[in-house]
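Me: I would like to go through this structure with you and ask what stands behind each label. Could you set the values against the definitions for me?

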Amino acid sequence: MRTFISRTVIVFYLLAVSAAYTAHSYADPGSGKAKFTKHFNESLFKITDNGMFSIEILLDEKEYKIGKNVIGIVIHNAHDEDVEGADLKIISLLPKGQVNTESPVVKDKGGGLYTVSNLNVNREGNWELKIDIKKKKMEDGALFSFPDALKLRRKAGKYEAGSQ
């Protein structure tokens, strides 16, 4: 009888853990893909290459006060939760022959918000902004191509990996 009760308790425990994990995930059950939230209309938004994170870039203070001469970057994970304490590597890739002298300074402001200073996102011509994110054992990144990224702004809402 004890064996039966022990096995029953274990089965219920496993079912409860499974249900909690499923309820916590924002994946669409039909697609199996994580959904991410874009909060602002005027921001740039991408889901990273492997679908681990979303990156939302606030270019100015129209919708959120971030400070003068800085941009804001909001990072969420595949559960659409704020990512704090991540290591962000930001590189602006200029056309051949142009020298990049910028050294962006990233500060974690909490709640998934990072501010970046010493980065010129208003430069002329074609160039790219590469953002790599590392949090514990997870690493992923995305590339924003300018000036095209400024023209392809999506409205605020939910987006899933692979829908970009």
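Reply: Gladly! The protein chain averages a pLDDT of 81, and 78% of the residues score at least 70; pLDDT is the predictor's confidence in each residue, from 0 to 100. Over residues 8-30 the pLDDT is below 50, and beyond near neighbours in sequence this stretch has 16 contacts in the model, a contact meaning heavy atoms within 4.5 Å. This is a predicted model, in which local features need pLDDT of at least 70 and side-chain atom pairs count only at pLDDT 80 or more, while totals for chains, interfaces and linings use all residues. Residues are numbered from 1 along each chain as its sequence is written, and side-chain values use heavy atoms, with hydrogens and water left out.

Me: What are the helices and strands of the protein chain, and in which order do they run?

Reply: The protein chain has two helices and 10 strands. Helices (H or I, at least four residues) and strands (E, at least two) are DSSP runs, numbered from the N terminus. Read from that end, the order is α-β-β-β-β-β-β-β-β-β-α-β.

Me: What makes β5 and β8 a pair, and in which sense do they run?

Reply: Two strands pair if DSSP finds at least two bridges between them. Strand β5 (residues 87-93) and strand β8 (residues 127-135) have seven bridges, so they meet that definition, and their sense is antiparallel. One of the bridges links I90 to I131 in β8.

Me: How many bridges join β8 to β9?

Reply: Nine bridges join them, with β9 covering residues 138-146 and the two strands running antiparallel. Among the partners, I133 is bridged to D140 in β9, and E128 stands opposite S145 in β9.

Me: Why are β5 and β9 called edge strands?

Reply: The open sheet has three strands in the order β5-β8-β9, with antiparallel pairing. β5 and β9 each have a single partner strand, so one side of each has no neighbour in the sheet. Direction ignored, neighbouring strands here are turned by 15 degrees against each other on average; the axes are lines fitted to C-alpha atoms, for helices over the stretch in contact, and angles run from 0 to 180 degrees between N-to-C directions.

Me: Which strands stand at the edges of the sheet of five strands?

Reply: That open sheet has the order β2-β3-β4-β7-β6 and antiparallel pairing. Its edges are β2 (44-47) and β6 (105-110), each with a single partner strand, so one side of each is left without a neighbour in the sheet. Four bridges join β2 to β3, which run antiparallel, and I47 stands opposite S54 in β3.

Me: What makes a group of residues a nonpolar core, and which members touch the most others?

Reply: A nonpolar core is a set of buried Ala, Val, Leu, Ile, Met, Phe, Trp, Tyr and Cys residues joined through side-chain atoms within 4.5 Å. Buried means under 20% relative accessible area, exposed over 50%, and partly exposed in between (1.4 Å probe, protein chains only). The largest core here has 25 residues, and I55, I57, I73, I75, L129, I131 and F144 touch the most other members. At least two core residues come from each of β3 (53-58), β4 (70-77), β5, β7 (113-117), β8 and β9. The largest share, four residues, is supplied by β8. Leaving out residues up to four places away in sequence, I75 touches F53, S54, I55, E81, D82, V83, L88, G112, Y114 and I133.

Me: How much of the protein chain counts as buried?

Reply: Of its 164 residues, 34% do.

Me: Why is K136 called exposed?

Reply: Its relative accessible area is 73%, and the cut-off is over 50%, so K136 is exposed. K136 is found in the loop between β8 and β9 and has a positive phi of about 55 degrees although it is not a glycine.
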